[in-house]
Amino acid sequence: MQLYYQTDVSFITAFLLLLISIIAHFRLNRKDKVSRAYLITAWIIILVLIAEAYTIIIDGRNDDVSVALSIIFNTLIFAIGPVLTLSWFYLIRSMFAPSFNKSSFKHVILFVPVVINLVIVLTNPWTKVIFSVENGQYVRQSWYLSVTIATYVYVLMSVIVVIQNWKSISQQDRIILIVS
């Protein structure tokens, strides 16, 4: 029963996001950059949620295939997190702060945590600094928090952009932001 509760949230969230994405696919202007970005982001999140649920299902299985899949899926999840939240930041910024200074130096700075994270995550199967799979069991390691911080920095930056531009955001967009 515990396994059901652990995977239930991921599967239900993926299913609900899938339904919303299908509706959005038919309702949004797919030629609009923001709409396309939303749809692509939604599909990536759905895949990550399913991969996360699968890693929970196979956790504790010590056969070679399950261990390899656990390493692959967890590596994928850790690699995608900061990339996805940076994309979310760019989406929020383009929607609510389009006059944001687009200097190339700021873009380089924004990408530094993502690049560092990708190097750390993609080498993790050998270094085991973020996570390891020991006897089939997923185990967090000492650098786990660094990946989490890299992910949430962009979420925090998105929230700051929204707060700074709250007065200029339409009522309809405010409702969407509060619900999401």
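**View 1. The largest cavity holds about 30 Å³ of space.** This is a predicted model, in which local features need pLDDT of at least 70, side-chain atom pairs count only at pLDDT 80 or more, and totals for chains, interfaces and linings use all residues. Residues are numbered from 1 along each chain as its sequence is written, and side-chain values use heavy atoms, with hydrogens and water left out. Rolling a probe the size of a water molecule over the atoms shows where empty space is left. Here a 1 Å grid covers the protein atoms alone, and a cavity is a set of points where a 1.4 Å probe fits but cannot get out. Grid points are joined across faces, edges and corners, and a volume is the space filled by probe spheres set on the points. Searching the whole structure for cavities of 30 Å³ or more finds one.

**View 2. The lining of the largest cavity includes I71, N124 and P125.** K128, F131, S132 and V133 line the cavity too. Lining residues have an atom within 4 Å of a point. Two elements, α4 (104-127) and β1, each give two or more residues to this lining. Strand β1 provides the largest share, three residues. By class, the lining has four nonpolar, two polar and one charged residues. Nonpolar means Ala, Val, Leu, Ile, Met, Phe, Trp, Tyr, Cys and Pro; charged means Asp, Glu, Lys and Arg; the others, Gly among them, are polar.

**View 3. Strands β1 (residues 131-134) and β2 (residues 137-140) run antiparallel.** Four bridges join them. Strands pair if DSSP finds at least two bridges between them. S132 stands opposite V139 in β2. E134 has Q137 of β2 as its bridge partner. The hairpin has two residues between the strands, and N135 takes a positive phi near 55°.

**View 4. Helices α2 (residues 33-58) and α3 (residues 64-96) cross at roughly 155°.** Their axes, lines fitted to C-alpha atoms over the stretch in contact, come within 9 Å. Angles run from 0 to 180 degrees between N-to-C directions. The crossing angle therefore makes α2 roughly antiparallel to α3, a label for angles over 145 degrees. The crossing is left-handed: the near helix is turned anticlockwise from the far one by less than a right angle.

**View 5. The second largest pocket holds about 250 Å³ of space.** Of its 13 lining residues, K33, A37, Y90, L91 and S94 are the closest to its centre. Helices α2 and α3 are the elements that give two or more residues to the lining. Six lining residues are nonpolar, three polar and four charged. A pocket is an open set of points with protein on both sides within 12 Å along at least five of seven lines.

**View 6. The protein has six helices and two strands.** From the N terminus on, the elements run α-α-α-α-β-β-α-α. Helices (H or I, at least four residues) and strands (E, at least two) are DSSP runs, numbered from the N terminus.

Note on methods
Angles under 35 degrees count as roughly parallel, over 145 as roughly antiparallel, 65 to 115 as roughly perpendicular and the rest as oblique.
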